[in-house]
Amino acid sequence: LVGSEMCIRDRNKENKLINLPNLIFSVNLCIILIEIRIKTERNSDMDLNALRDEIDSLDKEILKAFEKRMELCRNVALYKKANGMQIFQSQREKEIIKRVRAESPEELKGATTALFTEIMDISKCLQQQALLKGREFLEPVPLNMSSGGMVGCQGTSGSNSETAARKLFPENEISFYSEFEDVFRAVEKGEIEYGIIPIHNSTAGSVTQNYDLIRKYNVVIARTVKVEITNCLAAKKGIAFEDIKKVYSHPQALKQCSVYLRDSGFEPVESKNTATAAKYVSESNCPCGAICSENCARLYGLNILKRNISNVIPNYTRFICITKNFRLSEDAKTISVTLEIPNIKGSLYRLLTKFFVNDMDLEKIESRPIADGSFDVRFFLDFAGNVGDDKVKSLLVELTDELYDFKFLGNFSEEP
């Protein structure tokens, strides 16, 4: 009991005398305090509900104002189209931001800028949809995977690239190249019809070199295929596990098996390809090993010393099939692009707004250095869509028109 008072007296150390009037007063006081607290909480709930009701009412007004503003923006778009004007007029945007910042309280200036910037970005997206409806982005050629064109990949027979190529082209002739860049160059020049390139591993991540090459060369992704990578340690027959000091393989394979290499005390040595490493070990007189697939080990007559040595199992690599011209399959559902954006506050956020407004699922975003002496980056994006969709075409045209360095990399699906 709050504020209660009880007097206890010892009488002959046998019984106690309680001050009953004070006890009754304390009980009554406690009841009064509890009633006051209940009323206060009820009033607080009523105040909170009233505030929420007021917010809900205001939200309805905001929605009506937003709808009206977007309708006005559509009318502006039609006017611009009729008069041959550009959608994006930076000076007008700057004037609006300057005005609303001046009219907002100091503590809300940043939030006000963000809000009206977002509203204007949404407006531009809707204006683009109205203006660019029916406009084609690129005219693709139908993708025919059963054609007998030459296929190229890096490495030598027994490589994972060859496995990927055979999943896509079981009967086509395959030409092997020493470097990944040689494959890109051959596709661009028309020496081969298709190139098979590893782009991403589920354990070791992206093959960054190939991201840079697909930006450099005029090629387009037509298809992707996923291959399970089953790494093993292989050596020449007669070479004991204890004698091995160095293990050769492609950098990606070495990363995928880094834990096993570390725990075994092996020195990793980079090779251009897993099959190239296996071939080298089969011809070497030194007691060394190779990380490669079991099929590759058998192809070069190597003894498999240890199976399933990847850090993570299962372990997959995704390969892209590149072509010179834009080829489109009926089931294409992923679009890949690369772009640069200004190194200014909010530029990435404003870019992502375009995808959100157009209700497009951004499946991947990755960055690579531009490599011009600055710390600026180039972005690679994959998002769900097909170039036959009006919203997709509108977005691609918008990105092409607005961004300094934009490149369409393909519209494709993955081989089952």
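This is a predicted model: local features need pLDDT of at least 70, side-chain atom pairs count only at pLDDT 80 or more; totals for chains, interfaces and linings use all residues.
In what follows, a residue is called buried when its relative accessible area is under 20%, exposed when that area is over 50%, and partly exposed in between.

I begin with the chain as a whole. The protein chain has 416 residues, and 43% of them count as buried. Its secondary structure comes to 12 helices and 19 strands. Among contacts between residues at least 6 apart in sequence, 72% join residues at least 24 apart. The chain exposes about 23,700 Å², with carbon and sulfur atoms supplying 53% of that area.

Helix H11 covers residues 347-357 and includes leucine 352. Leucine 352 has a relative accessible area of 31% and is therefore partly exposed. With Leu348 and Ile365, Leu352 forms a nonpolar patch on the surface, and the three together have about 200 Å² of accessible area. Helix H3, for its part, contains alanine 114, a partly exposed residue at 45% relative accessible area. Alanine 114 lies 9.2 Å from isoleucine 97, C-alpha to C-alpha, although 17 residues separate them in sequence.

For contrast, consider isoleucine 196, in strand S6, residues 194-201. Is isoleucine 196 buried or exposed? Its relative accessibility is 0%, so the residue counts as buried. Setting aside neighbours within four places in sequence, isoleucine 196 touches residues including Val151, Cys153, Leu168, Phe169, Val183 and Phe319. Its C-alpha atom is 9.6 Å from that of arginine 223, which is 27 residues away along the chain.

I close with the salt bridges, of which the whole structure has 24. One of them joins glutamate 283 and lysine 279, with the closest N and O atoms 2.9 Å apart. Because these two residues are four apart in helix H9, about one helical turn separates them. Glutamate 283 is exposed at 54% relative accessible area, while lysine 279 is partly exposed at 33%.

Another salt bridge pairs arginine 307 with glutamate 294, at 3.4 Å between the closest N and O atoms. Arginine 307 sits in the loop between strands S13 and S14, and glutamate 294 in helix H10, so this pair ties together parts 13 residues apart in sequence. Arginine 307 is partly exposed at 44%, whereas glutamate 294 is buried at 18%.

A further example is arginine 318 with glutamate 414, whose side chains meet at 2.5 Å, N to O. Arginine 318 belongs to strand S14 and glutamate 414 to the segment after S19, so the bridge ties together parts 96 residues apart in sequence. Arginine 318 has a relative accessible area of 33%, which means that it is partly exposed. Glutamate 414 is likewise partly exposed, at 27%. Finally, salt bridges that share partners join Glu93, Asp121, Lys124 and Arg350 into one network. Thank you for your attention.

How values were computed. Residues are numbered from 1 along each chain as its sequence is written. Side-chain values use heavy atoms; hydrogens and water are left out. Patches are made of residues with over 30% relative accessible area and no salt bridge: like charges are joined within 9 Å, nonpolar side chains (Val, Leu, Ile, Met, Phe, Trp, Tyr) within 5 Å. Accessible areas come from the Shrake-Rupley method with a 1.4 Å probe; for residues, only the protein chains shown count as cover. A salt bridge is a side-chain nitrogen of Lys or Arg within 4 Å of a carboxyl oxygen of Asp or Glu. Buried means under 20% relative accessible area, exposed over 50%, partly exposed in between (1.4 Å probe, protein chains only). Contact means heavy atoms within 4.5 Å.
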